[in-house]
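Please keep the sequence and the structure in view while reading.

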Amino acid sequence: MKKDWNARLIEISRTDREIWQTGRVFAGIDEAGRGPLCGPVAAACVVMPSDPLLLYVDDSKKLTEKRREALYDQIMETAVYARVELAPPEEIDRDNILRATKRAMADAAKDAPCDLFLVDAVSSLNVRGEVRGIVHGDALCYSIAAASILAKVTRDRLMRELDSLYPQYGFAKNKGYGTAEHIAALKAYGPCPVHRRSFIGHFVTV
């Protein structure tokens, strides 16, 4: 059955529209890459206007790569504010994944022209203003979904670049996640500089 994207847009923007109607400016924040064995976490903050609403905006994981890439450009052209920050593997290993992710989120948001931040599944951040954590926010909130797209496209592009440096691990295909092929390559070649040492101890000696 073909998806009704107009109906989906009305559904996913419900929370946003309720806030827009109060006249308050707010941002959506999300991340990509907390689970992989290598590479950075990408955190995005975006302030979207109430008009126009961009068709096809949804949880980035539910979209094709081609659609995400197209939406990335549309979001960047439309957004009042958009910024992506990275938490590199060495920070993740030093501070743990949650702290590194929160730091990147806060840095992405630090110049946003608002004092309300809707965040996917995170309820506290070091930002100037109110933080509202929304579980599964990337599927329930238009602004968070837009942030999820910026974060995922940014990280996927970086993983494709890393694939050219370390082709044996298949980063262009697996994006750093622990697929069987990736783990086999990790065991055969050992870790490369962008592997998260705190994530790979189950598979190799680090």
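Predicted model: local features only at pLDDT ≥ 70, side-chain atom pairs only at ≥ 80, totals over all residues.

**Backbone features in loops**

- Asn-96 lies in the loop between helix H4 (89–95) and helix H5 (97–109), and this residue has a positive phi of about 90 degrees although it is not a glycine.
- With a relative accessibility of 36%, Asn-96 counts as partly exposed, because that class covers the range between the buried limit of 20% and the exposed limit of 50%.
- His-136, found in the loop between strand E5 (130–134) and helix H6 (137–140), likewise is not a glycine and has a positive phi, here of about 60 degrees.
- His-136 is exposed, since its relative accessible area is 55% and exposed means over 50%.

**Packing of H3 against H7**

- Helix H3 (residues 65–78) packs with H7 at an angle of about 115 degrees, and the axes of the two helices are 9 Å apart.
- The crossing in which H3 passes H7 is left-handed.
- On the H3 side the contact is made by Glu-65, Arg-68, Glu-69, Leu-71, Tyr-72, Asp-73, Ile-75 and Met-76, while the residues they meet in H7 include Ala-146, Ile-149, Leu-150, Val-153 and Arg-160.
- By class, the residues of this contact between H3 and H7 divide into eight nonpolar, eight charged and one polar.

**Leu-162 in H7**

- Leu-162 is found in helix H7, which spans residues 142–165, and counts as buried because its relative accessibility is 10%, where buried means under 20%.
- When neighbours within four places in sequence are left aside, Leu-162 is in contact with Phe-171 and Val-194.
- Lys-175 stands 13 residues from Leu-162 along the chain, and the C-alpha atoms of these two residues are separated by 9.4 Å.

**The cavity**

- How many cavities of 30 Å³ or more does the structure hold? There is one of that size, and the space in the largest cavity is about 40 Å³.
- The lining of the largest cavity is formed by Ala-32, Gly-33, Lys-152, Arg-155, Asp-156, Lys-175 and Tyr-177, and H7 gives the most to this lining, with three residues.
- Four charged residues, two nonpolar and one polar make up the lining of the largest cavity.

**The largest pocket**

- The largest pocket holds about 210 Å³ of space, and of the 13 residues that line it, Glu-31, Ala-32, Gly-33, Lys-61 and Tyr-177 are the closest to its centre.
- Strand E1 (27–32) and H7 each supply at least two residues of the lining of the largest pocket, and the largest share, three residues, comes from E1.
- Eight charged, three polar and two nonpolar residues form the lining of the largest pocket.

Definitions and conventions:
Residues numbered from 1 in each chain as written. Heavy atoms only, no water. Helix = DSSP H or I, 4+ residues; strand = E, 2+ residues; numbered from the N terminus. Buried < 20%, exposed > 50% of the residue type's maximum accessible area, 1.4 Å probe, protein only. Contact = heavy atoms within 4.5 Å. 1 Å grid on protein atoms, 1.4 Å probe; cavity = no way out; pocket = protein on both sides within 12 Å on 5 of 7 lines; lining within 4 Å. Points joined across faces, edges and corners; volume = space filled by probe spheres on them. Nonpolar A, V, L, I, M, F, W, Y, C, P; charged D, E, K, R; others polar. Axes fitted to C-alpha atoms, helices over the stretch in contact; angles between N-to-C directions. Left-handed = near helix turned anticlockwise from the far one by under 90°.
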